[in-house]
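Q: Can we go through the aromatic contacts in this one? I'd like the cut-offs along the way.
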Amino acid sequence: MESALNQSVEELGKRRSSSKKSFANWKFITTGIIIIIAVVIAAISYYQAKHFNANVKINGTKVGGLTAEQALKKLKTSVLKNEVFVGQQQILDGNDTEMKFTSTDLPGVKKLLKSQQSFFPSSKAKSFSLMPSTLDQYRSETMKKQVEEKLISMNKTLKAPKDAEVHLEQGKIVVSKSSSGEQYDVAGLLKAYEDHLYTSEIRLQPVYIQPIKEDSQVIKNEQKKLQGLLAQTVDYKVQDKVHTLKASELIKTASVSKDMKVTIDPGDINKKIAEINSTQSTLNKNFSFKTHSGKVVSVKGQGYGWALDVDKEAALVQAAFEKAEKTVTASNIIGHGWKGEGYGFDTLTNNGIGDTYAEVSIAEQRIWIYKNGKLAITTNVVTGKHSTGNDTSKGVWYILYKRTPATLTGRELGGKPSYQVQVNYWAPFTNDGQGFHDAGFRSNWASNAYLNAGSHGCVNTPVSAMKTVYENLSTYEPVVIY
C-alpha cells in the first residue's frame, strides 16, 4: 500500500512538471506570435505611410502603390490630352501637353498621401486634384480663349432665348412672353472651366442662357417703372405760361431697357409741342399794334418774331419724362435772324412788341422812337420811292446792328453798285439793306416826297434828329412799319 501511494505521488510530480513545461512553451509561442504581428503591423503601417493605396488617382493619373516621390515623377511625365466636352459633344481638341509639375510640388503630393492614409491597405477608389505651383498658361489662357471663341461661334447658329419684355402699347402696359433657347451661357461655362480638375479631359455640364421670365423681379420692376411713368407730369414753361403735360395723355408707346432706362415714342409729344407753338409763337404772324394815335393796326411779323423748334423741344420734354424730371423750360427758339435765331421770345408786353421800339408810318412820313415805354423822339422822314416800287417794306422788323459812321452802297436791279453815300449814323433793319440813316444830301423833305422822290427803301432821317434817333434805337428791338 505504501508502495502504491509513493507511485501516485511520483506520477503527480511528473504531471506538475509537464504542465509547467507546457505553460512555458505556450507563453513563448504567444509572445512570438505577438512579436510577429507587431512587426507585420509596423511594416504595414510604415508601408502605408509611404505609399498610396491601390486605387488612387491624382489628376486622372494612377499613383496606387507609389511613394510621393514616385507619384510626382509620374505626374511630371503624364500627358494632358486637353480635350473639352460640353455634355457629350467635344468642342475642342487641344494640343497634348505635359503636366507642369516640378520638385516644388512634392509637399502637395505628400499632403495628398497623408490625407488618403488608412491603417490597413484600402482598395477604395479615390481621385484627387492637384494644381501645379507653376501656372499652366496654355490651359489657363490659350485654351480658355479657344473655348470661349468656340462657344461664341456655336451660339451664332443656335436659337437665342427670348426674354419677357414690358412695353407700353396704346397707353397700356403689356408683358410679352418669354421662350427658351439653345444658346450656351458662355460666362457660366468659362467659370466651370476655370473650376475644373486638372485632368486630360475637361467635361462641362451644359449651361444655357436663361430667358427673363414673366414673373421675374426684373419684369416686375420694369412694370413698376412704366406705372410710374404714366403717373408723371412735366411742367413745360414757354415764356410766362406753364403747360402741365401728363404722361398718361401724351405717351402711348414706351419701353424699358435692362438698366431701367425708359425710351418713349415722341409722336404725341411732338403734336402737343406743335400745338403750343401754334398758339404762342409770333413768327410769320400778325402783331396787334397800337399806334401813337391810339389806333390798333395789324402788322405782319417779318424779321421779328419767334417760334419753337418743335423737334428739339419735343426731345427736351421726352427726356424730362424719361428721366422723371418735373419741369423743363423752352430753350430752342428759332426765327428769321441772320443765324436762324428768333427775337421777341423774352418780350411779354405790348402783344410781343415790348416798350422799346421804332414806329414808322408811311402814310404820315413820320417816325416815333420809344425807349422803355416813353417817347424819346419823333421826327418827319422820307421813306422809299413809291413810284418805282422801292417802298420801305411794311412789317415788324428788328434793328440788325448799329454803325457810326458808315458807307452805304446802292444797287439798281441787283446790278453793280451804282452809288456810295457817306453817313454819320446807320441802323439797318432788313437783310436787303433798308434802315435808318441821316440824309444830309436830301433837300426835299415834303410829306409827299416819298411818292416820286423817295429813297431806295431806307428811312431818310434829318441830320438834326438822327443822332437822337440813333442813340435810342436798340439792337434786336422791333421796328414796326405800317
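Predicted model: local features only at pLDDT ≥ 70, side-chain atom pairs only at ≥ 80, totals over all residues.

Q: How many aromatic pairs does the structure hold?
A: 13. Rings of Phe, Tyr and Trp (its six-membered ring) pair if their centres lie within 6.5 Å; planes under 30 degrees apart count as stacked, over 60 as edge-to-face and the rest as tilted.

Q: What kind of pair do Trp306 and Phe345 form?
A: Edge-to-face, at 4.9 Å centre to centre with 90 degrees between the planes.

Q: Are those two buried or exposed?
A: Trp306 is buried at 1% relative accessible area, and Phe345 counts as buried at 14%. Buried means under 20% relative accessible area, exposed over 50%, partly exposed in between (1.4 Å probe, protein chains only).

Q: And how are Tyr398 and Tyr476 arranged?
A: Their ring centres are 6.3 Å apart and the planes are at 45 degrees, so the pair is tilted. Tyr398 is buried at 3%, while Tyr476 is partly exposed at 42%.

Q: Which residues do ring pairs link into a cluster?
A: Phe289, Tyr357, Tyr370 and Tyr482.

Q: Switching to charges: what lies over the face of Phe85?
A: Arg203, at 3.9 Å from the ring centre. The criterion is NZ of Lys or CZ of Arg within 6 Å of the ring centre and within 35 degrees of the ring normal.

Q: Where does the charged end of Lys402 sit?
A: Over the ring of Tyr470, 4.6 Å from its centre.

Definitions and conventions. Residues numbered from 1 in each chain as written. Heavy atoms only, no water.
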